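User: Hi! I'm new to this one, could you walk me through it?
Analyst: Happy to, here it is.
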Amino acid sequence: MTPRTLKLVCAVSVLLNLFLLAAIASASLWLKLPQARINAGSIRIAGSELPADERKAFRHMLHQARHDMRPQILAGRAARHEAAILLRAPVVDQPALLAALQKVRDSDVAVRTHVEAKAVPFVAALPLADRAKLADGLEPKGQTPGK
C-alpha cells in the first residue's frame with residue numbers, strides 16, 4: 001500500500017467510526033428521553049393499557065362502532081376534500097369554505113359521539129383497576145387540570 005492509500009483508508013475509517021459513535025449516542029439519548037404519546041387522550045390509545053383479552057374486545061368494539069359510522073366518516077372525508085378544493089381556488093369562497101368546514105366538524109362530532117356512546121357501557125363493566133388504567137390513559141402526562 002502506498003502512503004497516500006493508507007492515509008485515505010485511515011481517514012475513511014475515522015469518519016465511519018465517528019458516524020457510528022454519533023448514531024449510538026443519538027439512539028441512546030432517544031431511548032432515555034420520555035416519548036410523546038401519539039394521540040394522547042384518545043380513547044383507543046387509553047385502552048392500550050388494558051389486559052390483552054379486554055384490550056382486544058375493547059378495540060373490536062371501537063372498530064365496530066366506527067364501522068357503523070362509515071357513511072358519516074365518508075361524508076366527513078368528502079367535506080374535507082371539498083374544503084381543500086375551495087382553498088386551492090384563486091379566490092376563496094368564504095361562505096362555501098365555512099359550510100364545508102362545518103360539515104367536517106359535524107361529521108367528526110357525530111362519529112366521536114357514537115363511538116363514545118358505544119364505549120361507555122363497555123368500560124362501565126370493567127373492573128375498577130382497568131377503568132383506572134383507562135382514566136390514566138385519557139389524561140396527558142405531566143399536566144394537572146386547570147393549568
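User: Which residues form a nonpolar patch on the surface?
Analyst: V14, L15, L18 and L21 do, with about 410 Å² of accessible area together. This is a predicted model, where local features need pLDDT of at least 70, side-chain atom pairs count only at pLDDT 80 or more, and totals for chains, interfaces and linings use all residues. Residues are numbered from 1 along each chain as its sequence is written, and side-chain values use heavy atoms, leaving out hydrogens and water.
User: Where does L15 lie?
Analyst: L15 is part of helix 1, residues 3-32. Helices here are DSSP runs of H or I, at least four residues, numbered from the N terminus.
User: And why does L15 count as exposed?
Analyst: Because its relative accessibility is 57%. Exposed means over 50% relative accessible area, buried under 20%, and partly exposed in between, with a 1.4 Å probe and protein chains only.
User: New topic: which residues of helix 3 are buried?
Analyst: F58, M61, L62 and A65. They sit on the same side of helix 3, because they cover an arc of only 95 degrees around the axis; that arc is taken from the directions from the helix axis to the C-beta atoms.
User: What is exposed on the other side of helix 3?
Analyst: There you'll find D53, K56 and H60.
User: What about R59, buried or partly exposed?
Analyst: R59 counts as partly exposed, because its relative accessibility is 33%. R59 belongs to helix 3, residues 52-68.
User: How far apart are the C-alpha atoms of R59 and S48?
Analyst: They are separated by 8.8 Å, and the two residues are 11 residues apart along the chain.

Note on methods. Patches are made of residues with over 30% relative accessible area and no salt bridge: like charges are joined within 9 Å, nonpolar side chains (Val, Leu, Ile, Met, Phe, Trp, Tyr) within 5 Å. Accessible areas come from the Shrake-Rupley method with a 1.4 Å probe; for residues, only the protein chains shown count as cover. A salt bridge is a side-chain nitrogen of Lys or Arg within 4 Å of a carboxyl oxygen of Asp or Glu. Helices (H or I, at least four residues) and strands (E, at least two) are DSSP runs, numbered from the N terminus.
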